[in-house]
Amino acid sequence: MLPTTALLLGLTGTVLGFHVCQLIADEVSFVTDVYYPGSSSYVADNEHYATSSSQVSKCSVEPGSAEDVGIILGILGKTKTPFGIKGGGHSANLGFSSTTGVQIAMARFNEVTYESATQTAVIGAGNIWDDVYEILNAQGVNVVGVRESGVGVAGLILGGGYSYLSNQYGLALDNVVAYELVAPNTTVVTVTEESDPDLFFSLKGGFNNYGIVTRFTLKAYPQGAVWGGAASYNASYISAFNAASVKFCSEVADPKAAMIMAYVYVSGQELLSTLMFYDGPTPPDGIFDDFLAIPAFTQDVATRSFFDLINSTSHGAAGHRIVINHIPTLEYSESFIEGIADELNFWGPTLSTHGALSVTYAVEPFLPSLLTHAPAGSSAYPSSRDHVVFPTAVVLQWVSESEDDVFHDAARQTAEKLGVEGESIYPDYAIYDTPVVDMFGEEGVKRMEATRKRVDPYGVMLLTGGFKV
């Protein structure tokens with residue numbers, strides 16, 4: 001027989017596993033379900049884009065209301081049970097949205113509602129961006145979100161949010177009007193700049209340190225047809241590709257234009273690729289001409305809806321071990337681009353001997369005005385808005401768990417070699433052991449820590465993973 005609810009709640013840390021799962025099942029309403037190993041829902045709730053991010057939980061819970069999230073948090077806090085919070089499951093860091101305790105899967109928080117009167121969109125934390133874009137596309141509007149298919153809403157917004165629309169409107173976190181938050185004391189609160197400035201600041205980059213966000217209210221903007229898509233090139237064209245990349249990064253000032261240039265080592269060879277974007281049906285002459293002039297072996301560039309553009313792109317095949325790290329970059333100069341090519345030439349063959357599936361460096365240019373769309377000191381990330389630090393990324397994929405340390409070390413070494421020391425690390429790209437001060441700065445961490453101690457005095461959110469302040 002399971003212990004009674006009263007007995008369970010009287011314990012201080014000795015209750016583990018299935019007893020807590022059963023207690024949750026007993027206490028929540030009919031809109032919430034608890035699943036156990038062996039069920040397809042349990043598998044889906046625990047599954048992550050990267051196999052290296054998945055863990056085997058005691059059970060999974062799919063809450064269907066914010067009130068039930070509060071009940072769940074209350075039980076987990078009182079029993080000191082580790083837990084994970086999964087939105088889209090795209091985190092590359094083990095334990096950041098997974099757990100060996102109780103897995104909370106936010107999939108039922110899938111609301112997407114456009115409110116024309118306020119020109120805002122209310123978006124549930126369990127959504128994938130593809131679904132958000134598809135629903136808003138029918139309304140003729142858009143929000144600042146992810147640039148590739150398959151990524152979850154919550155992680156991107158809570159960790160920053162660089163977007164094709166960022167040159168025009170700022171980061172995703174700059175566009176949050178309100179958060180619906182289930183606080184560690186189990187109450188459901190709406191957090192705005194006016195209601196709680198410190199908490200509002202801290203949620204903008206601070207991930208899950210302050211409770212569980214169930215809904216975001218974002219600024220919405222009119223959205224028509226866009227132009228863009230992906231193209232891939234043989235490495236024999238690297239000189240032309242490098243020159244086009246440097247020219248775009250240094251000369252293109254149109255805020256409607258955006259790109260990602262990728263340098264990839266896969267299957268024993270180097271490849272070059274781009275994601276091109278223009279917020280309009282046809283880009284002006286001269287913006288992408290140099291890339292379009294390079295013979296491509298694959299190309300899918302067209303005028304289409306924003307949803308169709310995102311739906312046509314992806315990170316590649318899921319189901320592998322992955323590590324991502326941010327390379328803080330101040331300038332995409334010719335020497336920096338050549339440095340990336342040199343690093344690829346080294347790490348591609350080197351890591352192939354350890355079972356690498358791919359080695360990728362992503363160049364992500366933005367305009368110098370990127371961070372002026374929100375006031376200084378308005379968000380935990382970036383720690384300074386004085387200048388833009390580009391979110392250059394290194395992404396490594398491999399097969400065997402026994403090689404994890406090799407790939408993690410490689411991600412650190414190449415970021416240290418190419419990156420600018422002392423600049424803000426982008427939380428959504430940061431490797432798991434990145435110090436929080438490197439993301440938020442000393443003053444930001446002090447403010448975030450004080451806020452966490454106020455809203456979570458008993459450390460409930462310390463029972464889950466992620467970057468902790």
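Which residue in S2 is the bridge partner of aspartate 33? Select aspartate 33 and look across: the partner is glutamate 62.

Before going further, note that this is a predicted model, in which local features need pLDDT of at least 70 and side-chain atom pairs count only at pLDDT 80 or more, while totals for chains, interfaces and linings use all residues. Residues are numbered from 1 along each chain as its sequence is written, and side-chain values use heavy atoms, with hydrogens and water left out.

**Stop 1: strand S2**

Now select residues 59–62, strand S2. Helices (H or I, at least four residues) and strands (E, at least two) are DSSP runs numbered from the N terminus. S2 pairs with strand S1 (residues 33–35) in the antiparallel sense over 3 bridges; pairing takes at least two DSSP bridges between the strands. Buried means under 20% relative accessible area, exposed over 50%, and partly exposed in between (1.4 Å probe, protein chains only).

**Stop 2: the cores**

Next, pick Trp129, Phe216, Tyr361 and Leu396, which touch the most other members of the largest nonpolar core, a set of 118 residues. Such a core is made of buried Ala, Val, Leu, Ile, Met, Phe, Trp, Tyr and Cys residues joined through side-chain atoms within 4.5 Å. Strand S13 (residues 257–266) gives this core its largest share, 7 residues. Another core lies apart from it, with 24 residues, including Ile24, Ile75, Phe83 and Val460.

Zoom in on phenylalanine 216: beyond its neighbours within four places in sequence, its contacts (heavy atoms within 4.5 Å) include Ala121, Ile123, Val153, Leu158 and Tyr179.

**Stop 3: helix H13**

Finally, select residues 404–418. The 15 residues of H13 should span 21 Å at 1.5 Å a residue, and the end C-alpha atoms are 22 Å apart, which agrees; the expected span is 1.5 Å times one less than the number of residues. Colour its buried residues: Asp404, Phe407, His408, Ala410, Ala411, Thr414, Ala415 and Leu418. Show what covers the buried residues, including helix H12 (334–352) and strand S17 (356–363).
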